[in-house]
Amino acid sequence: MSSPASDPKVCDLFRDDLAETALGVVSGRRRSEVLRHVESCPSCSLELEQLSTVADTMLELSGESEPPVGFELRLAQRLQSGESRRPTRRARHVSVLLAAAAVAVALGIGIGALASSGGNNTPNQAMTDITAASLSSGGHVLGEFLVSAGKPAWMYMTVDSGTWSGVVTCQVILAGGKIETVGQFTLSGGYGAWGAPLTTSAGQVRGARLVDASGTVFASARIPA
Amino acid sequence: MGRRTGSNDDGASDEALLSGMAVGDDRAGLTFVRRYQRRLYGLAFGIVGDAGDAEDVAQEAFIRIFRHAPVFDARRGSVATWALTITRNLAIDSIRVRRGIPTDPDDRVFLELTSNERQPDAAAAALEDVARVRSALAALPLDQRRAVVLAALYGRTATDIADGESIPLGTAKSRIRVGMAKLREAVANEDAL
């Protein structure tokens, strides 16, 4: 349809639908007709732009609300588990960062606290230099293990191993094969996320393993050389 | 009009974060979630009215944002609008499944959207466009306000509104058009001052 620029008679054919177009509630065909006219009509173009700004602003009216505690961690789980759809490798890695950040928060590791203790490398800052490896058992990936460089270095771990609940011991494997116990955490319904500072440098860490109460290693991670 | 752009408290613009996510910058994703979780959750809660459902909607929105970050086109709108629209559409899907669209004039959403009391973030309340639209929306006759809110937040077409409220299609379209014109006028007039 020809649409002479800002011809009032032509504009009248479209003006009634500008608001609904801005709100995105007109049919695709009608929308394309309106947009075709708007392209050649400065007056309707300005009106549609302003109405679109109103429509966009309407989405902000609900305001901000703090999500429930644990939102980031649950998002990390969903990204990692592939709930809803298969996560990309990128999304899986982000999920580890989210889990690690959530762990850091859960452990009460604030930037201010570390700064006041003389540290210059918070977990979040340390994420700029992270080494990650899959935590697996028998070829099945059960979670992720990562080490962030810094002083001190930190390790983080997320586990999604099924339905088992209980306390597990986390150990890191150092260069030369030495095994060092870092601490314990609890898996609930197969899931757990945990982090702790290391007494050694990140460069010395070659991997990690999880040991159950009976002393059996049920998952391990090996950092690529 | 004053437009809300990406917060710079983390240094990067929203567009830069999405670009970073698109090329595999993992920290960009984390920063994006931190920046947007309150807004997306707030919108989701405003529509679905249930904390659990709102969390589900907001998380699904983030999952889709991660997935589609590589194809985001800044020429078609802001990151904020894109993210909020994804959230709105998911929230609409959620309530369609669970309990349908509100049409009762006394329904929570029509009252709360015009109330400053429900705005938990004082900084957000200070946003000029939001405050103007909120004020103008409160001043609309209830039938126009309802039509505008149903279209803007619940994606209802004029036909849907006409059917739901047993009014002629022309009346529903008129309510949307006149209501939106008043909101636009309120914002445009303020900008002209």
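Here is a walk through a predicted two-chain model, from the overall make-up down to a few single residues.

Residues are numbered from 1 along each chain as its sequence is written, while chains are lettered from A and ligands numbered from 1 in the order in which they are written. Since the model is predicted, local features need a pLDDT of at least 70 and side-chain atom pairs count only at pLDDT 80 or more, whereas totals for chains, interfaces and linings use all residues.

Let's start with the two chains. Chain A has eight helices and eight strands; chain B has ten helices and zero strands. Here helices (H or I, at least four residues) and strands (E, at least two) are DSSP runs, numbered from the N terminus. Of the 225 residues of chain A, 41% are buried, and for the 193 residues of chain B the figure is 42%. A residue is called buried if 20 or more other C-beta atoms lie within 10 Å of its own, exposed if 12 or fewer, and partly exposed in between, with C-beta atoms placed from the backbone. Next come contacts, meaning pairs of residues whose C-beta atoms, placed from the backbone, lie within 7 Å. Among contacts with a separation of 6 or more, residues 24 or more positions apart make up 55% in chain A and 63% in chain B.

How far can you trust chain A? The score to look at is pLDDT, the predictor's confidence in each residue, from 0 to 100. Chain A averages 75, and 74% of its residues score at least 70. Among the elements of chain A, α2(A) has the highest mean (94) and helix α7 (residues 111-116) of chain A the lowest (27). Residues 85-90 of chain A fall below 50, and this stretch has seven contacts in the model beyond near neighbours in sequence. Residues 106-128 of chain A also stay under 50, with 25 contacts beyond four places in sequence. Where pLDDT is low, the predicted coordinates should not be read in detail.

Now for the place where the chains meet. In total, 41 residues of chain A are in contact with 54 residues of chain B. On the chain A side, the elements that give two or more residues are α2 (18-23), α4 (42-58), α5 (71-81) and α6 (89-106). Of these, α4(A) gives the most, with eight residues. By class, this side of chain A has 21 nonpolar, nine polar and eleven charged residues. In that count Ala, Val, Leu, Ile, Met, Phe, Trp, Tyr, Cys and Pro are nonpolar, Asp, Glu, Lys and Arg are charged, and the others, Gly among them, are polar.

Zoom in on α4(A) and you find it crossing helix α7 (residues 128-139) of chain B, with axes that come within 9 Å and cross at roughly 90°. Axes are lines fitted to C-alpha atoms, for helices over the stretch in contact, and angles run from 0 to 180 degrees between N-to-C directions. That makes the two helices roughly perpendicular, the word for angles of 65 to 115 degrees (under 35 is roughly parallel, over 145 roughly antiparallel, and the rest oblique). T53(A), V54(A), T57(A) and M58(A) of α4(A) make the contact with D129(B), V130(B) and V133(B) of α7(B).

Leaving aside neighbours within four places in sequence, V133(B) is in contact with V54(A), T57(A), M58(A), L61(A), L183(B) and V187(B). Along with A44(B), V133(B) has the most contacts inside the largest nonpolar core, which has 73 residues. Such a core is a set of buried Ala, Val, Leu, Ile, Met, Phe, Trp, Tyr and Cys residues joined through C-beta atoms within 7 Å. Helix α2 (residues 26-48) of chain B gives this core the most, with twelve residues. Apart from it lies another core of 24 residues, among them L135(A), L142(A), L146(A) and Y191(A).

G192(A) counts as buried because 23 C-beta neighbours lie inside 10 Å. Helix α8 (residues 142-154) of chain B is largely enclosed by the rest of the structure, because eleven of its 13 residues are buried. S166(B), by contrast, is exposed, with 6 other C-beta atoms within 10 Å.

Technical notes
Two residues are in contact if their C-beta atoms, placed from the backbone, lie within 7 Å.
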